[in-house]
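Here is the note you asked for on this structure. Please read it with the sequence and the coordinates to hand.

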Amino acid sequence: MSTSPSPCFPPRKPSPGRIWYILVQKDISLMLFSREGATGLVTLSLMNATILAIGTTSAMLIREHILRIAPALLVASFIFSILTFVEHGCAVDYRERAIDALRVMGIPPASLFLAKVCAISLFIAGGAMVSASTLSLLLDLSLFKVWDQLLVCASLLSIGFSSLLVLLSTITISARLQGIILPLLAIPLSFPLTLSGIELTLESLVGGGIWQSPWLPLLIIADVVYLVGGINLFEFAVKS
């Protein structure tokens, strides 16, 4: 009794949403369990916030002055902490040659970029909250009443900075002095994000809140510009 062979169907290609979800999981796992990943980010956030708080306290400023400079301290601690983290998060794929395998598989560069931005944004938003909590404890600042506004600021800044830094880290990944070139490029290019973050944090602490501030639309526009620019330029950055 002969049996006809069962038809063979080619495996279904995962949907773009499924591919993006798997890529995000991959990036989160790499940064969560690597030595220079999440642990390094938390350590840097604590160290930077502590050093800035000690310097501010030793200056013996009055409380009103501390409230005025606290936004700049928060954003400065945020920037100092994430530069090394983003550089490491982008370098892992290249060091392990994973980026080449993903390109051979036909993964769209836009999906690679968006997945990395999403994963890195989650981590650096958490690092920003660690810095803010540390500074609030050491400088005796009450941030509980404005935690929702600070969370919005941290989320928007995380998206903008991660979009910009992922692109710049990819461009400079093969440079011998990446640790120097990356900050030299990132600091001036991130000026709209830095200024908006400082002004919005100031509005949340001593102003009328961020919801009516003109700096909030500016920060959102900057996020969109960096995100769209990264999506369009990431493919050229990877090929180079």
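The points below go from the overall fold to single residues and pairs.

1. Basis of the note. The model is predicted, so local features were taken only at a pLDDT of at least 70 and side-chain atom pairs only at pLDDT 80 or more, while totals for chains, interfaces and linings use all residues. Residues are numbered from 1 along each chain as its sequence is written, and side-chain values use heavy atoms, with hydrogens and water left out.

2. Overall fold. The protein chain contains 9 helices and 0 strands, where helices (H or I, at least four residues) and strands (E, at least two) are DSSP runs numbered from the N terminus. Read from the N terminus, the order of elements is α-α-α-α-α-α-α-α-α. Of the contacts with a separation of 6 or more, 83% are between residues 24 or more positions apart, a contact being heavy atoms within 4.5 Å.

3. Burial and surface. Of the 240 residues in the protein chain, 43% are buried; buried means under 20% relative accessible area, exposed over 50%, and partly exposed in between, with a 1.4 Å probe and protein chains only. The protein chain exposes about 13,200 Å², and carbon and sulfur atoms supply 70% of that area. Accessible areas come from the Shrake-Rupley method with a 1.4 Å probe, and for residues only the protein chains shown count as cover.

4. The nonpolar patch. W20, Y21, I22 and L114 make a nonpolar surface patch of about 340 Å². Patches are made of residues with over 30% relative accessible area and no salt bridge, like charges being joined within 9 Å and nonpolar side chains (Val, Leu, Ile, Met, Phe, Trp, Tyr) within 5 Å. Helix α1 supplies the largest share of the patch, 3 residues. I22 is found in α1, and this residue counts as partly exposed because its relative accessible area is 40%.

5. Leaving aside residues up to four places away in sequence, I28 touches A119, L122 and F123. The C-alpha atoms of I28 and A115 are 9.4 Å apart, although the two residues are separated by 87 positions in sequence.

6. The salt bridge. The structure holds 1 salt bridge, defined as a side-chain nitrogen of Lys or Arg within 4 Å of a carboxyl oxygen of Asp or Glu. The side chains of K116 and D27 form this bridge at 3.0 Å, N to O. Because K116 belongs to helix α5 and D27 to helix α1, the pair ties together parts that are 89 residues apart in sequence. Both K116 and D27 are buried.

7. Aromatic pairs. Rings of Phe, Tyr and Trp (its six-membered ring) pair if their centres lie within 6.5 Å, with planes under 30 degrees apart counted as stacked, over 60 as edge-to-face and the rest as tilted. By this rule there are 2 aromatic pairs. F78 and F161 are edge-to-face, at 5.4 Å centre to centre and 65° between the planes. This pair links distant parts of the chain, with F78 in helix α3 (residues 63-95) and F161 in helix α6 (residues 147-171), 83 residues apart; F78 and F161 are both buried. The rings of F113 and F234 have centres 5.4 Å apart and planes at 50°, so this pair is tilted. Here too distant parts of the chain are linked, since F113 is in helix α5 (residues 109-138) and F234 in helix α9 (residues 215-239), 121 residues apart.

8. The surroundings of F113. F113 counts as buried because its relative accessibility is 0%, and F234 is likewise buried, at 1%. Not counting residues up to four places away in sequence, F113 touches S163, V166, L167, L227, G230, I231 and F234. The C-alpha atoms of F113 and L227 are separated by 9.2 Å, while the residues are 114 apart along the chain.

9. The 16 residues of helix α8 (residues 191-206) should span 22 Å at 1.5 Å a residue, and the end C-alpha atoms are 22 Å apart, which agrees; the expected span is 1.5 Å times one less than the number of residues. Buried residues in α8 include L193, G197 and L200. D140 is placed in the loop between α5 and α6 and has a positive phi, near 60°, in a residue other than glycine. Most residues other than glycine have a negative phi. D140 counts as exposed because its relative accessibility is 57%.
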